[in-house]
Amino acid sequence: MKENTKDVKKIKLYKGKKKKTAEEDAAIQYLQAQYEKIVPDEIKTFKDLPLSQKTLKGLKDNNYNVPTEIQKQAIAYALQGKDILGAAKTGSGKTLAFLVPILEILFCKKWTRLDGVGALVISPTRELAYQIYETLRKVGRFHDFSAGLIIGGQNLKFERKRMDQINILICTPGRLLQHMDENPLFDCSHLQILVLDEADRCLDMGFEPTMNAIIENLPPERQTLLFSATQTKSVKDLARLSLSFPTYVAPHEQAATVTPESLQQSYIVCEIDEKIGILWSFIKNHLKQKVLVFMATCKQVKYTYDLFCKLRPGVSLLALYGTLHQEKREKIYNEFCRKSNVVLFATDLASRGLDFPRVNWVIQMDCPEDVDTYIHRAGRTARGIFGKGEGLLMLLPNEEKIVDDLQNRKIPINKISVDPSKVIAPQRKIEALLSDNTELKQTAQRAFVSYLKSIFLMKNKDIFNVQLLDTDAYARSLGLIVPPRIRFLYKYQKNHTSKQPEETENNNDVVEKLKANVINNDTAFEESESEDQKVDDQVQETKNSKSQKSKKDLIKFDFHNDDSDEDDFLQVKKTDVDVETSPLQEEKTKSKKKAKPITKAAVAKKILKRKIKVNTKVKFTEEGEAIADEKKDVKSELAKQFINENVGGIDIEKAKEVLREEDKYDKIRFREKVKAKHREHKRKLKNKKKEEEGDKDDFGSQSESDGPDLSWLPDPDKVYGKNNNSDVELDSNDDSNRSNTQSDDEHSEEEDEKYHRPTKRKLVESRGIPQESVAPRKMKKVQDLSASLSVQEAEALAMQLLRNKS
Ligand SMILES: Nc1ncnc2c1ncn2[C@@H]1O[C@H](COP(=O)(O)OP(=O)(O)OP(=O)(O)O)[C@@H](O)[C@H]1O
């Protein structure tokens, strides 16, 4: 009964599913029919777009009711199957502009888990990838697709196993390529949509080799969507993606400003040594605000964070930069999202795409590399439909030129001045802290050098000029009474002044080579931090601390290497610096040369060349006797000669020859061993047979005539048939034995074998002794018996037998 009920249920379910599928098909057909009719300007709410109920519900649940301009247009064109080049202001909702089409396109194609990767979203940073993934999870929660986040710093094995089950993949370029190269489960041959968020960044020099390799692995028949607030229009970039006629969607192109209208922007001009004091004072005056501070390098971020934590401003402080462990990065990201009165010091890692809620202020403590970087940094505030915020840019006098560029790009930015009386620089406190704390002092030294280096490597020499910096004043402002040596700069200056034109040309070649090296290398994506690291070595004061530090740095560097898609944008672009041989780059080549792994063969060759006699290893027993090395027990003449002649190192060719010779002897030895084994086996078999024959003697030897008592034997009549008359006579002598035999006969042979010890007769039979050989023996026994009787006794016995028979 139970089973029946189950069956009914199953049938009902099946029918329902069928009905549901039919409904879904009809809905898909209806939606698809609407695509061509969409007029973006007429769309008021998401419901006006031909979207599935699942997507609409996901949007509504997250309070997304009215689409933004970029969403209206991008969703409409993407549903029509067009490639898109989307450009819109920061915080204008570009994420949904590509996530909604992804969900809808896969839904209409009835994509299932078994279909594999249908959509790929590539983001330049891990944090942004994580954010996109979270938005997708929220909006797409009513769909049945599986989504995966594939970013560096995570468990690669864990990701690997699940790769074949993912439909929508959000990833960073380096990690994606790693899976493409190494993971057999990764298959994107059915890919429908490719999205590059922050496309201009993904396609810039830093990611070029990785992105090229990725694109090569993707099927060419796919839809491609590119989004950024500072979109690329480079034909070369578009060609790389096989985009010949993408639809350009730029709703704000005609807008008065390229930055959000609700973003108030201002800048100040100050001296380099005033920066720390101004920042400190700003934070002290904005304790109830959420502030994001951008700096040029990781080391500056680290130092400012460490220092300000010690100075206790009275507000939560956080720091986010690329060399932090991934878990920590995630924790800090989430903490800054959650808190409202907090200051986050960050590198450009946080400048693109990150949607920190309710940020009141964005401070750019160091001048951005270019206008695009400024736009992205400033865009971390005043986001979304109702977002408001302010931006403050700190410029050194020679950096003020960037303001023209900003204004030319329609960025409304005003100069403001700082009231000096309001600036409280905790100079004395900082110096005291540094004198007490060597670690902090070293961090300050690193920050100092890394900043100078970042300026030195900037491409735009009109704005960034390290020669114009008052480095001593800057060092003092960081609390360093004695300015650290800037060896890379001295070297550069020295080279620069003494260089001949011919040398300069050569040096340019070196720079070119370095560029190629950097680009072709994984290190292309390392943050400028790794480079900072090397320069930091120059500011070490004692030999001891130097070695300790380099150890530390090495660990950091290794960790960093692990992640190929790093986030600082300076590195590769800065190799364009128009310098002759930068000492830094020289150092880089040197260190790269040093880092080249040395193979065992290379070491062997070296030893061979130098004719160094390599020590031999001898093992001894506990009694002190040398144990002969089996390997050294050579047979061939060639091998003996080789060992005697060998002066050190390895002559690979000769060693191979010796091995071949020795191989012959080994084969002979092996054959002998096998033969010996066979001989031993045969011997054992023989012994066994002998033993068995011994057993046979117990039952069948001629000598037993007067030995064992045969009276227990079963009735031979029954066993051998009537032929054995003599036996009958013998057996009939013992009635009790007959009854025993009968009971034995009642058992089948099989049963006997299974449950009983076989009778002696059976044993005899089973061991192959012919029955004929048994019967005559018994006959003989009877004969012997009767021979031993007197005539009277024989007569009496005969009479007795006759009586019994009757
Ligand atoms: N239709 C909408 N209605 C309300 N809020 C929205 C809508 N679309 C997006 N938002 C919100 O606007 C904010 C910014 O969105 P998003 O991060 O997608 O911007 P973006 O254009 O990608 O910015 P960036 O250029 O900095 O990457 C987010 O908090 C998001 O939740």
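Entry 1: helices α7 and α9. I looked up how helix α7 passes helix α9 in this predicted model and found a left-handed crossing; a crossing is left-handed if the near helix is turned anticlockwise from the far one by less than a right angle, and right-handed if clockwise. Helices (H or I, at least four residues) and strands (E, at least two) are DSSP runs, numbered from the N terminus. α7 spans residues 173-182 and α9 spans residues 208-216; I found their axes 9 Å apart, at an angle of about 45°. Axes are lines fitted to C-alpha atoms, for helices over the stretch in contact, and angles run from 0 to 180 degrees between N-to-C directions. That angle makes α7 oblique to α9; angles under 35 degrees count as roughly parallel, over 145 as roughly antiparallel, 65 to 115 as roughly perpendicular and the rest as oblique. On the α7 side I noted Pro173, Gly174, Leu176, Leu177 and Met180 in the contact, and on the α9 side Thr210, Met211, Ala213 and Ile214. Residues are in contact if their C-beta atoms, placed from the backbone, lie within 7 Å. Ala, Val, Leu, Ile, Met, Phe, Trp, Tyr, Cys and Pro count as nonpolar, Asp, Glu, Lys and Arg as charged, and the others, Gly among them, as polar.

I note the basis of these entries: residues are numbered from 1 along each chain as its sequence is written. The model is predicted, local features need pLDDT of at least 70, side-chain atom pairs count only at pLDDT 80 or more, and totals for chains, interfaces and linings use all residues.

Entry 2: helices α4 and α5. I checked α4 (residues 94-108) against α5 (residues 126-139): their axes come within 10 Å and cross at roughly 55°. The two helices are therefore oblique to each other. Thr95, Leu96 and Leu99 of α4 meet Ile132, Thr135, Leu136 and Val139 of α5. I classed this contact of α4 with α5 as five nonpolar, two polar and no charged residues. α4 passes α5 in a right-handed crossing.

Entry 3: the sheet with β1 to β7. I traced an open sheet of seven strands, in the order β3-β4-β2-β5-β6-β1-β7, with parallel pairing. Two strands pair if DSSP finds at least two bridges between them. At the edges I found β3 (147-150) and β7 (247-249), each pairing on one side only. The twist averages 15° from one strand to the next. Within this sheet, β5 (residues 193-197) and β6 (residues 223-228) run parallel and are joined by five bridges. Ile193 stands opposite Gln223 in β6.

Entry 4: the sheet with β8 to β14. I traced another open sheet of seven strands, ordered β10-β11-β9-β12-β13-β8-β14, with parallel pairing. Its edge strands, β10 (316-320) and β14 (414-415), each have a single partner strand, so one side of each lacks a neighbour in the sheet. β10 pairs with β11 (residues 342-346) in the parallel sense over five bridges. I identified Phe345 in β11 as the bridge partner of Ala319. Helix α13 (residues 326-338) packs on the sheet, touching β10 and β11, and its direction makes about 135° with that of β10.

Key: Contact = placed C-beta atoms within 7 Å.
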